[in-house]
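Trainee: Could you walk me through how the parts of this protein pack together?
Mentor: Happy to, let's take a look.

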Amino acid sequence: MSAFIRKLRHRFYLIMLRVITGILPGSSHTAFVGPGSSRQLGQHIAHLTPRKVLIVTDKPLRDLGIAETAAAGLLEAGVDCAWFDGVLPDPTYEQVDAGLAVLKQENCDTLLAIGGGSVMDCAKVISACATSDQSPRDWVGMGKVKHELLPIYAIPTTAGTGSEATSGAVIKDAQTGEKVVLSGPGMMPRAVALDAALMAGLPPHITAATGMDALTHAIEAYIGVWERGARLDYGRISVKLVFEHLVNAYQNGDNAQAREGMAMAAYYGGMAINQVNVGNVHAIAHQIGGKYGIPHGLANALILPHVLEYCREEAQPRLAELALLIGAGESGEAEGQLAHKFIAAVRELRTQVGIPDRSDLIRREDHTALTDAAIAESIAYPVPRLLDEASVMDILGKISE
C-alpha cells in the first residue's frame with residue numbers, strides 16, 4: 001500500500017473516531033483518593049445495595065492478603081461476595097469465560113476488580129459478556145461495546161495501566177498471541193479507589209515497568225493529533241508526576257508520597273488516553289508483548305524513546321513543552337533542542353529505574369511479521385507520523401539483542 005493511500009486511510013479512521021465518540025453516551029465516574037480510599041469505595045458500593053459482588057483478582061494478590069485488605073470496606077459492610085482469582089498476565093478469552101461462569105453461578109450483579117491492568121481489563125470484559133449473548137470477539141475495535149453492562153468498580157494495585165480510568169480493555173487471543181482492544185462507555189469503572197498503601201510492596205522492577213507505562217500513556221496522548229477533551233491537561237499532570245516520583249518509588253517502595261504520586265500519574269495517564277487513545281508505541285508494544293510475553297510496561301519502555309525520535313519533527317512543539325515542564329530545558333531555547341532534551345530525559349529516566357535498552361526475547365526472524373502487524377494497528381491511532389516498514393524494522397533492530 002502506498003504512503004498516500006495509507007495517509008488517506010488514517011484520515012478516514014480519525015474522522016470515524018470523531019463520529020463514533022460524538023454519538024456514544026457519556027459515563028459517570030468517581031475517584032476516592034488517599035489512605036483508606038479502598039475502604040471508602042467498599043462502603044460506597046455497599047450503600048448501593050448490590051445483590052452480590054464478584055471480586056475479580058489474581059491468585060498472588062489473594063494469597064498475600066492484599067485483595068482481602070482492599071475489599072475490607074465491602075466485606076465489613078456485610079455485602080455478599082464471590083471471588084474469581086483466575087486472572088493471569090495478559091488475560092485471554094478463556095479467562096473471561098471462566099470468570100463469567102463464576103459470576104453466573106453465584107448470581108452476581110456487580111464487579112469489583114482488585115489488581116493491575118490485566119485484572120481490570122478482564123473484569124470489564126466479564127461485565128460486558130454478562131449482559132450480552134454476543135462473543136467478545138465481535139467487539140474488537142473502538143466503541144463496539146454499546147450495550148448496558150453490569151456495574152464495574154476498581155482498586156488498582158499497580159501504578160501504570162490507567163485501566164481504572166479508561167473505557168477500554170486489552171484481551172489476548174491465546175491461539176494467535178494477538179492482543180486486541182475492546183471498548184465502550186459502559187466499560188469505564190463507575191468508581192475507583194487510588195489507595196497507594198496497597199502498592200507499598202510492589203517489587204522495584206514492576207514499579208519501573210508500570211511507571212514507564214503511565215509515562216507512555218501521558219506522552220502519546222499529549223503528542224497525538226486529536227484535539228479532544230482535557231487530554232493536554234491530563235497528559236501534563238501525568239508526565240510531571242512520573243518524573244517527580246518514579247525514581248523515588250523505585251528506590252524506596254515504602255515512600256508513601258512517591259507511591260501516591262505514581263498512583264495519580266497512572267490515573268491521569270489513563271484519563272488522557274481515554275480522551276484520545278494511544279499511539280505508535282503501543283502499536284509495536286502490543287506485537288512484542290503478544291508474541292513473547294514481554295510485560296506491557298516493559299515493552300512500552302523499550303520502544304518509547306525510539307518512537308519519539310521517529311516523530312520528533314512532527315511532534316516537536318509538544319515535546320518542547322514537555323521538556324520545559326520537567327525542567328529539562330530553559331525558556332528561549334530552540335524547540336528542536338528542547339525536544340531532543342526531553343527524549344534524552346526519557347532515556348535517562350528509563351536507565352535510572354533499571355530498564356534495559358534491549359530484550360533477548362525478540363527474534364530477528366520475526367521482525368517482518370511484527371512490523372506488518374504494528375503498521376496495521378497504528379493506522380487507527382491519532383499519531384503525528386504514521387509508521388512505515390523501514391521505521392518499525394529499524395526500531396525492532398535497536399531493541400533486539
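**Domains and helix packing**

Mentor: This is a predicted model, and its protein chain is divided into domain 1 (26-199) and domain 2 (203-399).

Trainee: How far apart do the C-alpha centres of domain 1 and domain 2 lie?
Mentor: The two domains touch, with 26 residues of domain 1 in contact with 22 residues of domain 2. Their C-alpha centres lie apart by 25 Å.

Trainee: What share of the area buried between domain 1 and domain 2 do carbon and sulfur atoms give?
Mentor: The buried area between domain 1 and domain 2 is about 1,900 Å². Of that area, the share from carbon and sulfur atoms is 62%.

Trainee: Is helix 9 roughly parallel or roughly antiparallel to helix 14?
Mentor: Helix 9 (residues 231-251) packs on helix 14 (residues 335-352) with the axes 10 Å apart and an angle of about 25°. Angles under 35 degrees count as roughly parallel. Helix 9 to helix 14 is therefore roughly parallel.

Trainee: How many charged residues are in the contact of helix 9 with helix 14?
Mentor: On the helix 9 side are Val-239, Val-242, Phe-243, Leu-246, Val-247 and Tyr-250, and they meet Phe-342, Ala-345, Val-346, Leu-349 and Gln-352 in helix 14. By class, this contact has 10 nonpolar residues and 1 polar, and the charged ones number none: no charged residues.

Trainee: Is the crossing of helix 11 and helix 12 left-handed or right-handed?
Mentor: The axes of helix 11 (residues 280-292) and helix 12 (residues 296-310) cross at roughly 135° and come within 8 Å. These two helices are therefore oblique to each other. As for handedness, the crossing of helix 11 and helix 12 is right-handed.

Trainee: How many polar residues does the contact of helix 11 with helix 12 have?
Mentor: Helix 11 contributes residues including Asn-280, His-282 and His-286, while helix 12 contributes, among others, His-296 and Asn-300. The contact of helix 11 with helix 12 has 8 nonpolar residues and no charged ones, and its polar residues number 5.

Trainee: How many charged residues are in the contact of helix 12 with helix 14?
Mentor: Helix 12 and helix 14 pack with their axes 10 Å apart, at an angle of about 170°, which means that helix 12 is roughly antiparallel to helix 14. Among the residues making the contact are Glu-309 of helix 12 and Arg-347 and Arg-350 of helix 14. The contact of helix 12 with helix 14 has 8 nonpolar and 2 polar residues, and the number of charged residues is 3.

How values were computed
Residues numbered from 1 in each chain as written. Predicted model: local features only at pLDDT ≥ 70, side-chain atom pairs only at ≥ 80, totals over all residues. Heavy atoms only, no water. Axes fitted to C-alpha atoms, helices over the stretch in contact; angles between N-to-C directions. Helix = DSSP H or I, 4+ residues; strand = E, 2+ residues; numbered from the N terminus. Parallel < 35°, antiparallel > 145°, perpendicular 65-115°, else oblique. Contact = heavy atoms within 4.5 Å. Nonpolar A, V, L, I, M, F, W, Y, C, P; charged D, E, K, R; others polar. Domains from an automatic or database assignment. Buried area = accessible area lost by both parts, 1.4 Å probe. Left-handed = near helix turned anticlockwise from the far one by under 90°.
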